[in-house]
Amino acid sequence: MTEPQQSGRKPASPWRRRGWRRWLALLVFSSVVIGLCTVFWHVVLERSWEDSFTAALIVVVTAIAGQWISALIVRRTGPTDG
């Protein structure tokens, strides 16, 4: 009898298996923030819809980029970096 051969592929890490959920959460979060910010900018500040959407997009991109940059900084710090 011969042993079954393995394909050599390792199972996906738990982080990769949950990856689609993280992207979905990011998409939902971004959509909610864009919607709320656009409506606020249009109703309260009485701007046009184009200006409102542009401002909301800037807010969302800034928030997401800030989170990614802070995560990158934290990831690069070593154990003795205080």
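Mentor: What follows is a set of questions about labels and the values behind them.

This is a predicted model, in which local features need pLDDT of at least 70 and side-chain atom pairs count only at pLDDT 80 or more, while totals for chains, interfaces and linings use all residues. Residues are numbered from 1 along each chain as its sequence is written, and side-chain values use heavy atoms, with hydrogens and water left out.

Trainee: Why is serine 52 called buried?

Mentor: Buried means under 20% relative accessible area, exposed over 50%, and partly exposed in between, with a 1.4 Å probe and protein chains only. Serine 52 has 0% relative accessibility, so it counts as buried. Serine 52 lies in helix α3, residues 49–76, where helices are DSSP runs of H or I with at least four residues, numbered from the N terminus.

Trainee: What does serine 52 touch, not counting residues up to four places away in sequence?

Mentor: With contact meaning heavy atoms within 4.5 Å, serine 52 touches Thr38, Trp41, His42 and Arg47 on that count.

Trainee: Why does tryptophan 20 count as exposed, and serine 30 as buried?

Mentor: Tryptophan 20, in helix α2, is exposed because its relative accessibility is 53%. Serine 30, also placed in helix α2, is buried because its value is 12%, and serine 30 touches Val60 and Ile64, not counting residues up to four places away in sequence.

Key:
Helix = DSSP H or I, 4+ residues; strand = E, 2+ residues; numbered from the N terminus.
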